[in-house]
Each structure stands twice: as structure tokens, then as C-alpha cells.
Amino acid sequence: MGFLVVLDRVADGAAFDKVIEPARRAVRAVLRPQAVRDVLHGTWLGHPLHPVLVQVPVGSWISAGVLDLVPRLRPAATFLIGTGVAAAVPASLSGAADWSEQEVGVRRLGAIHAVANAAALGLYAGSLAARATDRGGLGRVLSYTALGIATGSAAIGGHMSYAQSSGASHAATAARALSTDWMDLGPLDDFPEGRPTLRTGKAASTAVPLVAVRRGARVVVLVGACSHLSGPLYEGTVEKVRGADCLVCPWHGSAFDLESGAARRGPAANPQEKLEVRMEAGRVMARLAPRHE
Ligand code: FES
């Protein structure tokens, strides 16, 4: 059985949910202030923060593994291991914040990812202690073992991102199915003021939900599937969030700026795809921006 098949089996199995769910509640309790969670999600950045932060520990530890091969460069390797250990803390917090708001299959694999990372971190800390007490051989055994575990854990993280779409923009995926032709969404008079309305976008082989919000003589049209986990934005509400009029997702409360589509409140970090809109003889016409062609 291949590694990826094993991961998919793990994602399907409920054996450890009794442990995973209390852990998730604990993470949410610790990271309770929404502003803290939004910093960790990367909502302010417009991009998930976790993959950005993990560059530092991963890069430091791989480089340390190379430097450890050359005896006179081992002090530099020790410094890089320490850098990686320090940088792993914010990277872990960011990952934990994302993990606590993901689907169950991602949470199961994420739990293994977290346990493996914690094991690698512990071994690296042990390696630093051994190097500090003139037991360099033991230090290198511990750090190479840690590097092996961290590499396996990174593969799990990659599977969560690329196969399970955690962190990916689900709105961008939905938008990809849309045509870039102008679509007639109906007469302006049919759109209620300030209330999200479902419309269906033209696509090659499937219907793509759109959400429209009328604002006086204008209509804002966004892809209807939330960028976080495809929640139905057309069932959401329009609210003021951090000084901006936002469309709020009914599933996990992400708020998207109606003017720009940017996430103003997480867990979403990716923006919501916004369509171009024009009025034609009293009818609302919308299309996906040509950059999607
Ligand atoms: S699906 Fe999670 S906030 Fe919209």
C-alpha cells in the first residue's frame, strides 16, 4: 500500500476523533481572540500564513543537515538548528489556528502532522542540549532523526494542501469553471437591497453559484462558494466588519469586503473572487475577470 493511500485511509478513519476533537476545542479556547486567530490565519496578508512561516524551520533544518556533514561548519549547523526551533513556534501556532477550522479529514491528518512536528522539535531541542554539552555525535544522531521525521511530516502537510485543498481558495476553484463571457443575471429590480441573493453562473459542465448584493444602483457579484471551505455565501449576511461593509459566511463567519472581495475576518485568508459588473438596459450583467481565461 502506497504512502498516499495510507494517508487517505487515515483521513477516512474515526479511530482518534475522541482525542482530536477535544484537542481542537482546546486550540480554539487558547486562540480565542478573533484578532489573534486572524493574524495566525494570514487574513491580514490575503494569503495563508502557515506555508510562509514554515519556510524558516524547514530551510534552517535542511541547511543544518548539510553543514553537519563538514566538521568545521558544525557550529553553524547548531546555530541553524536553534533558529529552526525558535521559528517553529509561530509556524506551529499558525498551523494550529488553521487546523482548528478545517474539515474532519484534514483534522485527522493534521493531528498526525502536529504530533510528528512535535516529535521533531523535541529531538532538535535534545540535539541542541547534546551539542551544548560536548556530545556532538549524539547531537547529530538526534538532529538527523528529527530531519527524517520533519520531512515525513512535511509530506503529510503537502497532502493536506494539494490533495485535500486545505488552505487553497475554494472560490478560485469554483471560478475556474466559469466562462469569462458576460452573463445576464436579470433585471436590477429583481435584486433586493443589501441582501445576498443566489444567482447561477454559466459554466462549461456545471452550474457555479454566484452571490449578488444590491447596493443602490449598483450590484456586487462574487463567487458564491466561500474561499475558506465553499460555504454558501448567498445564505450569509451583510454586516459592518472592521469598518467595511462585508458579506459574512454562514459557516465559520469569514467576512469579505464587498468592495474588494478581501477577507476582513477569518478563518478565510484568501480573498473572494469578485466578478466585473455592468448594467445593460436595466439588466445586471456580470463576468469573470479576463485574467481567468
Ligand atoms: S466556509 Fe468557512 S468561513 Fe466560509
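Predicted model: local features only at pLDDT ≥ 70, side-chain atom pairs only at ≥ 80, totals over all residues.
1. Basis. Local features need pLDDT of at least 70, side-chain atom pairs count only at pLDDT 80 or more, and totals for chains, interfaces and linings use all residues. Residues are numbered from 1 along each chain as its sequence is written, and side-chain values use heavy atoms, with hydrogens and water left out.

2. Nonpolar patch. V58, I62, V66, L69, V70 and Y144 make a nonpolar surface patch of about 510 Å². Patch residues have over 30% relative accessible area and no salt bridge; like charges are joined within 9 Å, nonpolar side chains (Val, Leu, Ile, Met, Phe, Trp, Tyr) within 5 Å. A salt bridge is a side-chain nitrogen of Lys or Arg within 4 Å of a carboxyl oxygen of Asp or Glu. Areas are Shrake-Rupley values with a 1.4 Å probe; for residues, only the protein chains shown count as cover. Helix α5 (residues 55–67) gives the largest share, three residues. Helices (H or I, at least four residues) and strands (E, at least two) are DSSP runs, numbered from the N terminus.

3. Helix α8. Y144 sits in α8 (residues 136–162). Its relative accessible area is 33%, so Y144 is partly exposed (buried is under 20%, exposed over 50%, partly exposed in between; 1.4 Å probe, protein chains only). The buried residues of α8 include L142, S143, A146 and L147. Their cover includes α1 (3–12), α5, α6 (74–99) and α7 (104–132). The 27 residues of α8 should span 39 Å, and the end C-alpha atoms are 38 Å apart, which agrees. The expected span is 1.5 Å times one less than the number of residues.

4. S60. This residue lies in α5. S60 is buried because its relative accessibility is 7%. Leaving aside neighbours within four places in sequence, S60 contacts L80, T83 and G84 (contact means heavy atoms within 4.5 Å).

5. Helix α3. R37, D38, L40 and H41 are buried in α3 (residues 34–41). Seen down the axis, these residues fall within an arc of 165 degrees, so they line one face of the helix. The arc is taken from the directions from the helix axis to the C-beta atoms. The buried residues pack against α2 (17–30), α6 and β8 (263–265). G42 follows α3 and has a positive phi, near 95 degrees.

6. D8. This residue is in α1. At 36% relative accessibility, D8 is partly exposed. D8 and R108 are 100 residues apart along the chain, with their C-alpha atoms separated by 10.0 Å.
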